[in-house]
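Colleague: Hello! I am new to this one and would like to learn how to read it. Could we go through it feature by feature?

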Amino acid sequence: MSVLDEINKRRTFGIISHPDAGKTTLTEKLLLFGGAIQVAGAVKSNKIKRSATSDFMEIEKQRGISVATSVMAFDYRGKKINILDTPGHQDFAEDTFRTLTAVDSVIVVIDVAKGVETQTEKLVKVCRMRNTPIIVFINKLDREGKDGFDLLDDLEQKLGLKVCPLSWPIGMGQRFQGVYNMYEKNLNLFRPHSKQATSDEVMSIADLSDPALETNVGEKAAAELREDVETVTGIYPAFDKEKYLSGEVSPVFFGSAINNFGVKELLDCFVEIAPGPLPRVTEERKVEPLEDKFSGFIFKIHANIDPKHRDRIAFLRICSGVFRRNTNYLHVRQARKMKFANPTSFMAAKKSIVEEAYPGDIVGLYDSGNFKIGDSLTEGEQLHFIGIPSFSPEQFRYVNNADPLKAKQLAKGLVQLMDEGVAQLFTKEMNGRKIIGTVGALQFEVIQYRLKHEYGASCNYEPVSLHKACWLDGAEADIKSFRDRRKKDIAVDKDGKIVFLAESAWALNMAQENHPDVAIHFKSEF
Ligand code: G4P
């Protein structure tokens, strides 16, 4: 198969949702269709339940699971599908943001009863910043939930999506009878817990006035469906693939993942419309998948869960050319050549060594501390991929060394955990004190636990009241005057960038008023 064919086959995407909407269930059903797993229950939920915050064995177990399910690959209808797993727990949202840099499209799962929830809002915002094509799957139609039109309004208002329903439900909960697929013009009747929607359950109804509709769903439901579909076609635009690909319009499907209902329609449509590997932007230029020379970037680093082996796995997204085993590549940041004897692919818990990988593929590279998130590998060109920013953390604490004899171990452990992206470290300019910033409280406990078990270091935390970490942009003289005036609130981040640690929203406003020529950003790339 030619390189072009290989590239055109790849479909790399992520599934995002608020916890409990059904991401794990949907992933599992997709893997069943692809033959990647044989039995339900094979995909372990990567959820760390709130109650598990003090149960660190649970966290360790989850880390094991999340390595195994980082990338789930399978073949379906001539396409090679790579599903990138995203952590379910909202305290790990940064991990998800970074994983989203490595996908070409996403499927958003919404719980029919809950509608759009906070975590979905945050994640979709990140996708929209990059115009990532989005398909929406409204799940749990076997339960009572919100009205279809209200849900579409919710998607438009809260997520800012322009939607285009491609299927429409017939009733819900007890009255749920199935979905009408407006894309393929057929009716799929619901049988609870059916193993798979087989062809005899799907009937072609090209024209909704067909009396077969009454025969199958009854008069009342048939009349309702006709009315709904008429309204839908009146309000929403006809599906336009180009608009979906440019992130302007999102197709919407309805179904019930646990009952394997509506999943095949979703997958069939996905393989038909979802984009193959897309170009990636670097500081220097745009990188096209079809270029001859290999390039890729690290979007995730996973520490080995066995503390006796300090190896980590760095996840590389191939952006252009062909990646080959045992071939010398340039580690751009370190300006040195590296080759990899055991690049690994992950197929739903099965690891195997890859000889070659193509744009869209993800490979795991064993790493003994050489990589940071965002690093690039190339055949020699200086390329720095952008779009992997750090976001302002939500919670901050001073971190102190609790064991004077282990200061070195603490420093090393902190740097490595930050390279992995567990949290962000800011060093105050005035006194060198270190502040850890995280998305949620859970990471503070994870850091303390991992420092102890993997590095033999002890730390304790001290509260610090901060509102936001802000990255500054502007002319050198303006930044200098900002820095001089705000000395006690200035720190540097892991890359040595200047950060303003604003104590409150009020302090932030004041700083902006006093320094109108300095742009204040809540993320490290702008
Ligand atoms: P997540 O990864 O998005 O967090 O969600 P997950 O798939 O784990 O699903 C959350 C809960 O919702 C699970 O129930 C799951 O069985 C249920 N669920 C998923 N899809 C559907 C659906 O189409 N209909 C209904 N009625 N339920 C659905 P649980 O009780 O939390 O877990 P479990 O004991 O079933 O594993």
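This is a predicted model: local features need pLDDT of at least 70, side-chain atom pairs count only at pLDDT 80 or more; totals for chains, interfaces and linings use all residues.

Colleague: Where in the chain does Asp-104 lie, and is Asp-104 buried or exposed?

Modeller: Asp-104 sits in the loop between α4 (93–99) and β4 (105–111). A residue counts as buried when its relative accessible area is under 20%. Asp-104 has 1% relative accessibility, so it is buried. Leaving out residues up to four places away in sequence, its contacts include Thr-12, Thr-132, Pro-133, Pro-275 and Arg-317.

Colleague: How should I read a helix?

Modeller: An α-helix has 3.6 residues a turn, so residues three or four places apart point the same way. Now look at helix α10 (residues 263–273): nine of its 11 residues are buried, so the helix is largely enclosed by the rest of the structure. Among the buried ones are Val-263, Glu-265, Leu-266, Asp-268, Phe-270 and Ile-273.

Colleague: And how many residues of the whole protein chain count as buried, as a percentage?

Modeller: Of its 526 residues, 56% are buried. The chain holds 14 helices and 31 strands. Taking contacts between residues at least 6 apart in sequence, 72% join residues at least 24 apart. The accessible surface of the chain is about 22500 Å², and carbon and sulfur atoms account for 50% of that.

Colleague: What about aromatic rings?

Modeller: A pair of aromatic rings is described by the distance of the centres and the angle of the planes. A search of the whole structure here gives 20 aromatic pairs. Take Phe-297 and Phe-385: their ring centres are 5.3 Å apart and their planes meet at 40°, so this pair is tilted.

Colleague: Which parts of the chain does the pair of Phe-297 and Phe-385 tie together?

Modeller: Phe-297 belongs to strand β14 (residues 295–303), while Phe-385 is in the loop between β23 (376–378) and β24 (395–401), so the pair connects parts that are 88 residues apart in sequence. Both Phe-297 and Phe-385 are buried. A second pair, Phe-323 and Phe-340, has centres 6.3 Å apart and planes at 40°, so it is tilted as well. Here Phe-323 is in strand β16 (residues 323–324) and Phe-340 in the loop between β18 (336–338) and β19 (344–347), 17 residues apart. Phe-323 is buried at 0% relative accessible area, and Phe-340 is buried at 6%.

Colleague: Which aromatic cluster includes Phe-323 and Phe-340?

Modeller: One formed by Phe-294, Phe-323, Tyr-329, Phe-340 and Phe-371.

Colleague: Let us finish with the ligand. Which residues come nearest to the ligand?

Modeller: Among the 17 residues around it, the nearest are Asp-20, Lys-23, Thr-24, Thr-25 and Ser-256. The shell is made up of four nonpolar, seven polar and six charged residues. Helix α2 (residues 23–33) supplies the largest share of the shell, three residues.

Conventions
Residues are numbered from 1 along each chain as its sequence is written. Side-chain values use heavy atoms; hydrogens and water are left out. A residue is near a molecule or strand if one of its heavy atoms lies within 4 Å of it. Helices (H or I, at least four residues) and strands (E, at least two) are DSSP runs, numbered from the N terminus. Ala, Val, Leu, Ile, Met, Phe, Trp, Tyr, Cys and Pro count as nonpolar, Asp, Glu, Lys and Arg as charged, and the others, Gly among them, as polar. Buried means under 20% relative accessible area, exposed over 50%, partly exposed in between (1.4 Å probe, protein chains only). Contact means heavy atoms within 4.5 Å. Accessible areas come from the Shrake-Rupley method with a 1.4 Å probe; for residues, only the protein chains shown count as cover. Rings of Phe, Tyr and Trp (its six-membered ring) pair if their centres lie within 6.5 Å; planes under 30 degrees apart count as stacked, over 60 as edge-to-face and the rest as tilted.
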